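Subject: A structure for you to look at

Hello,

Here is the structure I promised to pass on. Please open it beside this email and follow along as you read.

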Amino acid sequence: MKYEIKGDTLPVIICYLEDGEAMINEGGSMAWMSPNMKMETTSNGGIGKVFGRMFSGEKMFQNVYTAMHGKGMIAFASSFPGSVKAFQISPGNEIIAQKSAFLASERSVQYSIFFNKKFSSGLFGGEGFIMQKFSGNGILFAEFDGHVVEYELQPGQKIVVDTGHLAAMSSTCSMEIVSVPGVKNMLFGGEGFFNTEITGPGHVWLQTMPISNVAGALRPYLPTSSN
């Protein structure tokens, strides 16, 4: 399978498939395709996978597109202004990503729910409580909010990230939610009560414009309903 990513703030992935090759996506992201692409809606793993995707913010069912009787082409468009990244998933090179990051992948990529093992992360982490883990062997396309900045962390090296800005990290990284020090900083700092601390080794992808921040910035300008 060959692909190209076009566009800047509203990117699209165009995939070129050989006869019999298949792609999986979330319903709604398919933009255009050649007429020989066959679509099949599936639970892709049974009832457990269905509810797992629901809890991680994805749709319960997925679509499988297969090139029939020759080469095929299919395009998947992002749902929010931001970035699309391609990841080569393989054993030992798994990725943990934010909720709703999945855009499309080869069928050989496996999806599972990732619960942070740290109790405080689950209790206070918000966006970081339930994430997605991608394993198997194949290409994964993930969409992130805004532009993406990358860091390579050495063993024991840490970076502190405002909750919501963590887009993805290598499965070798660990994360913990830490409180903002000082009562005054918590109450008047305007940055929230908690941050996410990521520890290497591994790669970290950070996003500049979390959709939750956009929603918060627009809220004062939206009309309110009155009884």
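Asn 63 touches Met 23, Ile 24, Asn 25, Gly 27, Met 39, Glu 40 and Thr 41, when neighbours within four places in sequence are set aside; contact here means heavy atoms within 4.5 Å. With Thr 41 there is also a polar contact of 2.9 Å between the two side chains. A polar contact is a pair of N or O atoms within 3.5 Å; within protein, one must be able to donate a hydrogen and the other to accept it, and residues adjacent in sequence count only if both atoms are side-chain atoms. You will find Asn 63 in strand E6, residues 62-67. Helices (H or I, at least four residues) and strands (E, at least two) are DSSP runs, numbered from the N terminus. Asn 63 has a relative accessible area of 10%, so this residue is buried. The cut-offs are under 20% relative accessible area for buried, over 50% for exposed, and partly exposed in between (1.4 Å probe, protein chains only).

Before you go further, a word on what you are looking at. This is a predicted model, in which local features need pLDDT of at least 70 and side-chain atom pairs count only at pLDDT 80 or more, while totals for chains, interfaces and linings use all residues. Residues are numbered from 1 along each chain as its sequence is written, and side-chain values use heavy atoms, with hydrogens and water left out.

How confident is the predictor? pLDDT is its confidence in each residue, from 0 to 100. The protein has a mean pLDDT of 82, and 77% of its residues reach 70 or more. Over residues 53-57, pLDDT stays under 50, and the model has 23 contacts beyond four places in sequence for them. Residues 119-128 also have pLDDT under 50, with 19 contacts beyond four places in sequence. Where pLDDT is low, the predicted coordinates should not be read in detail.

Now to the inside. A nonpolar core is a set of buried Ala, Val, Leu, Ile, Met, Phe, Trp, Tyr and Cys residues joined through side-chain atoms within 4.5 Å. The largest one has 19 residues, and Phe 87, Phe 134, Phe 144 and Trp 205 have the most contacts inside it. At least two residues of this core come from each of strands E3 (22-26), E8 (82-89), E9 (95-97), E11 (109-115), E13 (138-145) and E16 (166-170). E13 gives the largest share, three residues.

Aromatic rings come next, and six aromatic pairs turn up in the whole structure. Rings of Phe, Tyr and Trp (its six-membered ring) pair if their centres lie within 6.5 Å; planes under 30 degrees apart count as stacked, over 60 as edge-to-face and the rest as tilted. Phe 87 and Phe 144 are edge-to-face, because their ring centres are 6.3 Å apart and their planes stand at 75°. Since Phe 87 lies in strand E8 and Phe 144 in strand E13, this pair ties together parts that are 57 residues apart in sequence. Phe 87 is buried at 6% relative accessible area, and Phe 144 is buried at 1%. Together with Trp 205, Phe 87 and Phe 144 form one aromatic cluster.

Phe 134 sits in strand E12, residues 130-136, and is buried at 1% relative accessibility. What does Phe 134 touch? Among its contacts beyond four places in sequence are Ile 89, Ala 97, Phe 102, Tyr 111 and Leu 140. The C-alpha atoms of Phe 134 and Ala 97 are separated by 8.1 Å, although these residues are 37 places apart along the chain.

Last, the charged pairs: how many salt bridges are there? There are three, a salt bridge being a side-chain nitrogen of Lys or Arg within 4 Å of a carboxyl oxygen of Asp or Glu.

- Lys 6 and Glu 4 have their closest N and O atoms 3.7 Å apart; Lys 6 is partly exposed at 42%, and Glu 4 is partly exposed at 28%.
- Glu 150 and Lys 85 meet at 3.8 Å, N to O, joining strand E14 (residues 148-153) to strand E8 across 65 residues.
- Lys 158 and Glu 197 come to 3.7 Å between the closest N and O atoms, linking strand E15 (residues 158-162) with strand E18 (residues 194-199), 39 residues apart.

Enjoy exploring!

Best wishes

Definitions and conventions: pLDDT is the predictor's confidence in each residue, from 0 to 100.
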